[in-house]
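Please look at the structure below and keep it in view while reading.

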Amino acid sequence: MEPQEPRGAAAAHLTSEELSECAFSPETAPAGLLEHAQGCPKCAAELADLRALLTELVALPEPAVPESVVVRIDAAVERAWQEADAEQEREKQRDRAGATSTARPGRWSWRKLAVPLASLSLIAIAGIGIGVAVSHSGSNAISSAGSASSGVSAQNIPRSSQELTDPTLVAWVRSSLASGQPKNSPMVAQGDCAPTSAPKRSGYTALTASHREFENQAATLIVYQNVQEPASPTVYAVVYAGSCPSSASVVLAQGSVSR
Amino acid sequence: MREAARDEAGDLECLRRHLAGDREAFGELLARHRGRMWAVALRTAGNPEDAADALQDAALSAFKAAGSFRQDSAVGTWLYRITVNACLDRLRRQAARPTVHYPDPESGVWRQATEDPTDMAEQRELRMVLEQALAQLPVDQRAAVVLVDVQGLPVDEAAAVLGVPAGTIKSRCARGRAKLATALRDLRNPAPDSDVSVQIDHPATPDENRKRGAR
């Protein structure tokens, strides 16, 4: 907050903020301020100036976007698509090469993973009308009005989830599964956190949780199993930021993995 | 309200198609908001060149961030936020430069960008003075006034766009408005021996004074 001018004695004039409030938001301005302005020639004049200003500001025409700017923006978007295509191609090649390599991919490719997954979650919404995967801060990601989300903290997992192919992440998932935590057990978080449950995912149950450094920060991997298909060889892995995962945690990566 | 809801649904549909790989969808989304994004960029950056750069930055940022868009704000507000931030980033980078240029009312591109051909000459001059005064406000006041008073965003929404408390927005608007009102008052009632141009927070260059004096 920036400091306000003091207004002490009865004869004091309105501050710039008070004048502004009277001119631009008279419905919320304290009645005493408006009364003062009516009886004070100086404040009344300033109020009139501000009201005239408001009229002029609102009436400022929306400038036309120059054609050169439109062309430039379109070209930039086209280049962005080309870069996305090229990157996707590079990812495919890396995935193929990665099948026989244990090299950890750069942090860049982890970040990119979130976008196609989010996109798939949207396709899932459009196709079968279920909710969406939430990727950040516990807020709903883009979802259709008809989403079945109940508004509770449970988040949905896209039906057509993308398979995780990065060998490091796949290995983490399998190692976590191999640790043999009993199904539906509370997931005890590390560090200073109190014991807590894994973030809920609608229709899924958490199988395991494990903690690791990921993208130079503490992270927690939760492996989920579809409740309807307990015998499915596919599980769903979500890497949450932090050691105390909750439905509000940022999702660093997610996708399906074959056991 | 229904229209706003329809617009929002259309925006979300564009985003959904974009994320599903539809090559046309992002362009359609930009086309829906381009006018307002340009108006905000032009007035926040203070000149068409930086506004164009900032708008390109904003378009690319939105392209990359589309997957993480959250519905805690309208798509339009999200685009405003990206646009304003792109402008502020550019202005911050410029602040490190030894010279700062202000919009030149004599420049063809500025005139073209801000002129309404249907205006009367007097109205045109008033708007030019107002645009110039706006461009000379400190950037935090300018961004607040542009969003709230020119674009008509509620204070809370402008606060979300700029990432500051609503009270700060009110305070910045009040200070900015006071300076703009002074500029308009001076235009209407010029003092015989004073510069009729706008009040600014820091000394104008001789070149700026010369331009103002010439008008």
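Which residues in α1(A) meet which residues in α2(A)? The model is a predicted one, and in it E18(A), E21(A) and C22(A) are the residues on the α1(A) side. On the α2(A) side they meet L33(A), L34(A) and A37(A). Sorted by class, this contact holds four nonpolar residues, two charged ones and no polar ones.

Two packed helices are described by the angle between their axes and the distance between the axes. Helix α1 of chain A covers residues 16-24 and helix α2 of chain A covers residues 31-39; their angle is about 95° and their axes are 10 Å apart. Angles of 65 to 115 degrees count as roughly perpendicular, so α1(A) is roughly perpendicular to α2(A).

Helix α6 (residues 121-135) of chain B packs with helix α9 (residues 166-188) of chain B at an angle of about 145°, the axes being 10 Å apart. The crossing of α6(B) past α9(B) is right-handed. From α6(B), the contact takes L126(B), V129(B), L130(B), A133(B) and L134(B); from α9(B), it takes K179(B), L180(B), A183(B), L184(B) and L187(B). Nine of these residues are nonpolar, one is charged and none is polar.

The last stop is L221(A), which lies in strand β4 (residues 217-226) of chain A. Is L221(A) buried or exposed? A residue counts as buried if 20 or more other C-beta atoms lie within 10 Å of its own. L221(A) has 23 within 10 Å, so it is buried. Leaving aside residues up to four places away in sequence, L221(A) touches several residues, including W172(A), V173(A), A237(A) and V239(A). L221(A) and A253(A) are 32 residues apart in sequence, while their C-alpha atoms are 9.2 Å apart in space.

How values were computed: Residues are numbered from 1 along each chain as its sequence is written. Chains are lettered from A and ligands numbered from 1 in the order in which they are written. This is a predicted model: local features need pLDDT of at least 70, side-chain atom pairs count only at pLDDT 80 or more; totals for chains, interfaces and linings use all residues. Axes are lines fitted to C-alpha atoms, for helices over the stretch in contact, and angles run from 0 to 180 degrees between N-to-C directions. Helices (H or I, at least four residues) and strands (E, at least two) are DSSP runs, numbered from the N terminus. A crossing is left-handed if the near helix is turned anticlockwise from the far one by less than a right angle, and right-handed if clockwise. Two residues are in contact if their C-beta atoms, placed from the backbone, lie within 7 Å. Ala, Val, Leu, Ile, Met, Phe, Trp, Tyr, Cys and Pro count as nonpolar, Asp, Glu, Lys and Arg as charged, and the others, Gly among them, as polar. Angles under 35 degrees count as roughly parallel, over 145 as roughly antiparallel, 65 to 115 as roughly perpendicular and the rest as oblique. A residue is buried if 20 or more other C-beta atoms lie within 10 Å of its own, exposed if 12 or fewer, and partly exposed in between; C-beta atoms are placed from the backbone.
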